[in-house]
Amino acid sequence: MDDNLRELYQEIILDHSRHPRHFGALGGANHVAEGHNPLCGDQLKVFLEMSDDTVADVAFLGSGCAISKASASMMTQAVKGKTREEAEVLFDEFHRMVRGELDEEAEDNHLGKLKIFAGVREFPARVKCASLSWHTMKAALDDEEVISTE
């Protein structure tokens, strides 16, 4: 990856960390889960408002490192309006990408802008930071109340 692209990705992550989208409690949520990454101290709560089989609205609250917060922000944008199945496919693709099990450039996927997190696979301690919100969203879909990256 060239330096200009890396710098752009860093700017996007910092922007989402400083100004997270869909940040706050969601009054109409009918699926909620809490996630914790003891290694880094990241903690968040994901709120989903499911209408039929669709994520009608989504939000999160919590604190964490820049990667964790940016990933949560971009996750909310990615899953809003998606069906449960589409959200689960995104979860799987994102998780496989950050773990180095999916070549996001060569294999078909639905990640779009989420590909900017591919670089975290080079930093194993950061994989859990990037994937915490995704695991918490999946837990909310599955009506699990609390998850941990440990």
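**View 1. Met-137 and its contacts.** Setting aside neighbours within four places in sequence, Met-137 is in contact with Val-46, Leu-48, Met-75, Val-79, Ala-87 and Phe-91. Contact means heavy atoms within 4.5 Å. The model is predicted: local features need pLDDT of at least 70, side-chain atom pairs count only at pLDDT 80 or more, and totals for chains, interfaces and linings use all residues. Residues are numbered from 1 along each chain as its sequence is written, and side-chain values use heavy atoms, with hydrogens and water left out.

**View 2. The largest nonpolar core.** This core has 40 residues, and Leu-48, Val-79, Phe-94, Phe-117, Trp-134 and Met-137 touch the most other members. Strand 2 (42-51), strand 3 (54-63), helix 2, helix 3 (84-98) and helix 4 each supply at least two of its residues. Helix 4 gives the most, with nine. A nonpolar core is a set of buried Ala, Val, Leu, Ile, Met, Phe, Trp, Tyr and Cys residues joined through side-chain atoms within 4.5 Å. Buried means under 20% relative accessible area, exposed over 50%, and partly exposed in between (1.4 Å probe, protein chains only). Helices (H or I, at least four residues) and strands (E, at least two) are DSSP runs, numbered from the N terminus.

**View 3. Phe-23 against Phe-60.** The ring centres of Phe-23 and Phe-60 are 5.1 Å apart and the planes stand at 80 degrees, so the pair is edge-to-face. Rings of Phe, Tyr and Trp (its six-membered ring) pair if their centres lie within 6.5 Å; planes under 30 degrees apart are stacked, over 60 edge-to-face, the rest tilted. Phe-23 sits in the loop between helix 1 and strand 1 and Phe-60 in strand 3, so the pair ties together parts 37 residues apart in sequence. Phe-23 is partly exposed, at 41%. Phe-60 is buried, at 1% relative accessibility.

**View 4. Phe-94 on Trp-134.** This aromatic pair is stacked, with 4.7 Å centre to centre and 15 degrees between the planes. Phe-94 belongs to helix 3 and Trp-134 to helix 4, 40 residues apart. Both residues are buried. With Phe-117, Phe-94 and Trp-134 form one aromatic cluster.

**View 5. Helix 2.** Residues 66-79 make up helix 2. Of its 14 residues, 11 are buried; among them are Ile-67, Met-74 and Val-79. Gly-81 follows the helix, with a positive phi near 90 degrees.

**View 6. Asp-143 in its loop.** Asp-143 lies between helix 4 (124-141) and strand 4 (146-148). Its phi is positive, about 60 degrees, although Asp-143 is not a glycine. Asp-143 counts as exposed, at 54% relative accessibility.

Definitions and conventions
The expected span of a helix is 1.5 Å times one less than its number of residues.
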